[in-house]
Amino acid sequence: LCHRAACRVDLHWAISDISNFAQGAAGQRSGWRLPFDGLLRLASSCATCGSGMIDVILSARCVRKLKRELKNAGQNEIGGVMAAEQIADGQFVVRDLSVQRNGTPTSFVRDPLQHRKFMRRFRMLTGNNHERFNYLGEWHSHPSFLALPSPPDVWSMQEEMHDPEQASSFLVLLILKLGRSGRLVGSTHAFRRAQAPIRVRLGAS
């Protein structure tokens, strides 16, 4: 694996190659899956599915929430799941995200029950319109490392993607940290079955 340094990026175009991995310990996840059908999908006819041109946009509300939570967490890793709205083919706006705050400086272990409750509430508030509003993927912070997936992060997402009970055709992983100026620094990658992870364009509204 290549460990070359990655350039610092903000949320206007935070694009990072999957070959750039953070060195050191990484956030760990317990195996779990959301108990519902109709997960966000990329249509098989979508041109972005082959080219990797998927757009993930953080709503202004989520940007404020992430900055606040990352600042309060300090050097401890935090994370959760992303709830998104599909606004066009291959374009997703993250409308809300769950936050779990019991990580350590080198690890994050997700609590399945907490995030299931979050997604059930999100579905209810959006009228159970699964094709438009649903689970997009996961996020967690790397306060002490590069804001890029570590090898364990990649393996965990690939394992989740290949689970027989996983209904989605792809999942997104967002890795974040606060930069020295207080801006969000991050990267997003999409994971699909039997394919290598692809970089995803990340923006903020």
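Me: Which residue just after helix 3 takes a positive phi, and how are the helices and strands defined here?

Reply: Gly127, which comes just after helix 3, takes a positive phi of about 75°. Helices (H or I, at least four residues) and strands (E, at least two) are DSSP runs, numbered from the N terminus. This is a predicted model, in which local features need pLDDT of at least 70 and side-chain atom pairs count only at pLDDT 80 or more, while totals for chains, interfaces and linings use all residues. Residues are numbered from 1 along each chain as its sequence is written, and side-chain values use heavy atoms, with hydrogens and water left out.

Me: How do you know that the span of helix 3 agrees with what its 14 residues should give?

Reply: The expected span is 1.5 Å times one less than the number of residues. For the 14 residues of helix 3 this should come to 20 Å, and because the end C-alpha atoms are 20 Å apart, the two agree.

Me: Which residues of helix 3 are buried, and what puts them on the same side?

Reply: Buried means under 20% relative accessible area, exposed over 50%, and partly exposed in between (1.4 Å probe, protein chains only). In helix 3 the buried residues are His115, Phe118, Met119, Phe122 and Arg123. They cover an arc of only 135° around the axis, and therefore lie on the same side of helix 3; the arc is that of the directions from the helix axis to the C-beta atoms. On the other side, Arg121, Met124 and Leu125 are exposed. The cover over the buried residues of helix 3 includes strand 2, strand 3 and strand 4.

Me: How many aromatic pairs does the structure hold, and why is the pair of Phe92 and Phe170 called tilted?

Reply: There are two aromatic pairs. The ring centres of Phe92 and Phe170 are 5.5 Å apart and their planes stand at 50°, so the pair is tilted: rings of Phe, Tyr and Trp (its six-membered ring) pair if their centres lie within 6.5 Å, with planes under 30 degrees apart counted as stacked, over 60 as edge-to-face and the rest as tilted. The pair links distant parts of the chain, with Phe92 in strand 3 (residues 91-97) and Phe170 in strand 5 (residues 170-178), 78 residues apart. Phe92 has a relative accessible area of 0% and is therefore buried, and Phe170, at 1%, counts as buried too.

Me: What makes the pair of Phe122 and Phe133 edge-to-face?

Reply: Phe122 and Phe133 lie 6.2 Å centre to centre with 70° between the planes, and the pair is edge-to-face. Since Phe122 lies in helix 3 (residues 112-125) and Phe133 in strand 4 (residues 133-141), the pair ties together parts that are eleven residues apart in sequence. Both Phe122 and Phe133 are buried.

Me: How do you know that strand 3 pairs with strand 1 and with strand 2?

Reply: Two strands pair if DSSP finds at least two bridges between them. Strand 1 (residues 55-58) and strand 3 have four bridges in the parallel sense, with Leu58 opposite Val94. Strand 2 (residues 79-88) is joined to strand 3 by six bridges, and these two run antiparallel. Ala88 stands opposite Gln91 in strand 3. Strand 3 is mostly covered, as five of its seven residues are buried.

Definitions and conventions:
Contact = heavy atoms within 4.5 Å.
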